[in-house]
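Subject: Structure handover

Hello,

Here is the structure for you to take over. Please open it first, then read the notes below.

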Amino acid sequence: MNTVYPSFYKDFSCIASDCSHSCCKGWEIDIDNATAEKYLKIEGSLGDELRANISSANGVYSFGLAKNGACPFLQEDGLCKLILSAGEEILCEICTNHPRFYTVLNDYELAGVGLSCEVSCGLLLQAGSLEFKIEGHSDNLSFSELLKLLGINMKKEQQTFHPGLSKDDALEVLEIMGNTEPIDDKWREDIAAYMQYAQENPEFLENYERIMPHQAFQRIYQYIMYRQLEKISDYSLDDLLIYTDISTEYIFIVAAITGDLSEAIRRWSEQIEYCPENVAMLLKM
């Protein structure tokens, strides 16, 4: 099977303790069965500590999180005690791969990095036009060429983000996002604050559109779509386009309000991209 990935994919490198939003905190951390079996057999104090922090429910192993929602092996300096003690080989699959993702469509594996990571957001925003590579091939593919390769017939205008939102459009998008399953209490607090801002500042979208990084938003739009291309076998093309439109519009609205495009992307990803229920909700609209 041929693997496709964005041209910046292999530039990803975890910044560990320098990360402002550690992926070792605030997430459930499941352990694949092969790694769990290895953990249960490790001897010595590390093995004892591992077993003391692993729980199992319905055959699924996971780390029991600390009171602050962090992995029990996340140190105060932001580094992983497991890696420091035994090397990266000791990590379970999800810790080894995150934020990388792998999906399958037709005869291709589609790889990439999820946008809940600030490094991933930076790579996406710093790229030129969004291009893709096929493992073992030197040529780059545009998003349009990739769609043709995958047998997806999509008009050029459907591959492009068109802002032009009105205040009422923005309020509708914010209401939709406010009805998704919240990742934390702050999500709905932020949505309420954004809606109030939109009501009180009717020109904010028009002002932002004049200064927005247009090329960056095209990359964001196409990459959000790329992440869910595998769903096209279960949903319609229109479903995929609506999901992509609403998601990109939300990022546009939040960036217009906060002035922080990278964080708008990252926070959207935490809430939507990494929650299958929320992805399905938007796809079903």
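Is Pro182 buried, partly exposed or exposed, going by its relative accessible area? Pro182 is partly exposed, because its relative accessible area is 24%. Buried means under 20% relative accessible area, exposed means over 50%, and partly exposed is in between (1.4 Å probe, protein chains only).

Before the rest, some ground rules. This is a predicted model, in which local features need pLDDT of at least 70, side-chain atom pairs count only at pLDDT 80 or more, and totals for chains, interfaces and linings use all residues. Residues are numbered from 1 along each chain as its sequence is written, and side-chain values use heavy atoms, with hydrogens and water left out.

**Around Pro182**

Pro182 sits in the loop between α7 (167-178) and α8 (185-200). Helices (H or I, at least four residues) and strands (E, at least two) are DSSP runs, numbered from the N terminus. Not counting residues up to four places away in sequence, Pro182 touches Trp187, Arg188 and Gln271. Contact means heavy atoms within 4.5 Å. Gln271 is 89 residues from Pro182 along the chain, yet their C-alpha atoms are separated by 6.7 Å.

Helix α8 also holds Tyr197. Tyr197 has a relative accessible area of 30%, so this residue is partly exposed. Beyond four places in sequence, Tyr197 is in contact with Phe204 and Ile257. Ser20 is another matter: it lies 177 residues from Tyr197 along the chain, and the two C-alpha atoms are separated by 26 Å.

**The whole protein**

The secondary structure comes to 13 helices and eight strands. The radius of gyration is 20 Å, close to the 19 Å from the globule rule for 285 residues, so the protein is as compact as a globular protein of that length. That radius is taken over C-alpha atoms, and the rule is 2.2 Å times the number of residues to the power 0.38. Along the principal axes, the C-alpha atoms fill a box of roughly 60 × 45 × 35 Å.

Buried residues make up 46% of the 285. Take the contacts with a separation of 6 or more: 72% of them join residues 24 or more positions apart. The accessible surface is about 14,400 Å², and 47% of it belongs to carbon and sulfur atoms. Those areas come from the Shrake-Rupley method with a 1.4 Å probe; for residues, only the protein chains shown count as cover.

There are 22 positive and 46 negative side chains. The centres of the two sets lie 2 Å apart. Lys and Arg count as positive, Asp and Glu as negative; His and the chain ends are not counted. Each charge is placed at NZ of Lys, CZ of Arg, CG of Asp or CD of Glu.

In soluble globular proteins, nonpolar side chains tend to be buried together. Here, the largest nonpolar core has 72 residues, and Tyr226, Leu229 and Tyr250 have the most contacts inside it. Helix α11 (residues 237-258) gives the largest share of this core, twelve residues. A second, separate core of 18 residues includes Tyr39, Ile42, Ala70 and Leu74. A nonpolar core is a set of buried Ala, Val, Leu, Ile, Met, Phe, Trp, Tyr and Cys residues joined through side-chain atoms within 4.5 Å.

Leu229 is in contact with Leu105, Leu110, Leu147, Leu150, Ile152 and Leu240, leaving aside neighbours within four places in sequence.

Which residues are buried in helix α5 (residues 118-126)? They are Val119, Ser120, Cys121, Gly122, Leu123 and Leu124. Their cover includes β6 (108-113), α10 (214-227) and α12 (261-273).

Tyr61 is in strand β4. This tyrosine is partly exposed, because its relative accessible area is 22%. Outside four places in sequence, Tyr61 touches residues including Ile29, Asp30, Leu40 and Ile54. Tyr61 and Ile29 are 32 residues apart along the chain, with C-alpha atoms separated by 8.8 Å.

Asn58 is in the loop between β3 (54-57) and β4 (60-63). Its phi is near 55 degrees, a positive value in a residue other than glycine. Asn58 counts as exposed because its relative accessibility is 84%. Asn106, in the loop between β5 and β6, also has phi near 55 degrees.

Last, the peptide bond from His98 to Pro99 is cis, with omega near 5 degrees. Pro99 lies in the loop between α4 (93-97) and β5 (100-105).

Best wishes
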